[in-house]
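My entries follow in the order in which I took up each topic.

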Amino acid sequence: GVCADGRLDPRTVAARIAELLPADRHVTTDGGHFIGWSNMFWPVSSPERSIMVGTAYQTIGLGFPTVAGIAAASPDTTVVLATGDGGGLMALADLETAIRTANRGIIVVFNDGAYGAEVHLYGRMGLDQTPMLIPDVDFAGLASALGATGVRVDRLDDLAALQAWTAAGGSGTILLDCRVSRTVVAPYQEEILRAKGVA
């Protein structure tokens, strides 16, 4: 599950998280390259339990604030959010809101140190990737400071924290800061690249 750059393969991370998610859940996704992993590996029991806010609005940064809406609409289920480090930083003020409003919340940050979709598209087109890269951000530390259980996930074994959280009743919010490799490109992204003639 570890890529050549020393970071986790996002497919392996998403597949393992899928095994640990509570059955009674709503899954929402911010916008970003990572939607290839959450939407591929995390099934939902009915269509209204999947809220793809990033693709609905063609934007990034709406993940954290969406948690509050889902928590209000369905307070008895677990809200599962997939976001990236780019979108997470854009919505940082709403991380506190997400933590405060969800009775049970799982936030997964696919932290690849970049605006991944831009790297895979514009980087391949030959543009300088420097502005697309994001310095290391400790989302686990930020979440812990705001009252959640923050977990840095550098190895698959670190996901045992999610298993323990769920076994203990899954109350409050756990944030998994998953250090994933941006060397793995989602199939949907490859399709977009082919359509644009930059694959």
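Before noting any handedness, I wrote down the convention: a crossing is left-handed if the near helix is turned anticlockwise from the far one by less than a right angle, and right-handed if clockwise. I also kept in mind that this is a predicted model.

Entry on helix 4 and helix 6. With that convention I recorded that helix 4 passes helix 6 in a left-handed crossing. I looked up the geometry of the pair and found that helix 4, residues 63–73, and helix 6, residues 93–101, pack at an angle of about 25 degrees, their axes lying 7 Å apart. Angles under 35 degrees count as roughly parallel, and helix 4 and helix 6 are therefore roughly parallel to each other. On the helix 4 side of the contact I listed Phe 64, Pro 65, Val 67, Ala 68 and Ala 71, which meet Asp 94, Leu 95, Thr 97, Ala 98 and Thr 101 of helix 6. Sorted by class, this contact holds seven nonpolar, two polar and one charged residues.

Entry on helix 1 and helix 9. I then turned to helix 1, residues 10–20, and helix 9, residues 160–167, for which I noted a packing angle of about 15 degrees and axes 10 Å apart. Helix 1 and helix 9 are therefore also roughly parallel to each other, but here helix 1 passes helix 9 in a right-handed crossing. Helix 1 brings Arg 16, Ile 17 and Leu 20 to the contact, and helix 9 brings Leu 162, Gln 163 and Thr 166. By class I noted three nonpolar, two polar and one charged residues in the contact of helix 1 with helix 9.

Entry on the largest pocket. I read a volume of about 370 Å³ for the largest pocket. Its lining consists of 16 residues, and those that lie nearest the centre are Gly 32, Gln 58, Ala 117, Glu 118 and Tyr 188. Helix 3 (53–57), helix 7 (116–123) and helix 10 (187–195) are the elements that give two or more residues to this lining, with the largest share, four residues, coming from helix 7. I counted the classes of the lining as seven nonpolar, eight polar and one charged.

Entry on the second largest pocket. The second largest pocket has about 190 Å³ of space. I found it lined by 22 residues, of which His 33, Phe 34, Asp 112, Ala 114 and Gly 116 are the closest to its centre. The elements that give two or more residues to the lining of the second largest pocket are helix 5 (85–90) and helix 7.

Key
Residues numbered from 1 in each chain as written. Predicted model: local features only at pLDDT ≥ 70, side-chain atom pairs only at ≥ 80, totals over all residues. Heavy atoms only, no water. 1 Å grid on protein atoms, 1.4 Å probe; cavity = no way out; pocket = protein on both sides within 12 Å on 5 of 7 lines; lining within 4 Å. Points joined across faces, edges and corners; volume = space filled by probe spheres on them. Nonpolar A, V, L, I, M, F, W, Y, C, P; charged D, E, K, R; others polar. Axes fitted to C-alpha atoms, helices over the stretch in contact; angles between N-to-C directions. Parallel < 35°, antiparallel > 145°, perpendicular 65-115°, else oblique. Contact = heavy atoms within 4.5 Å.
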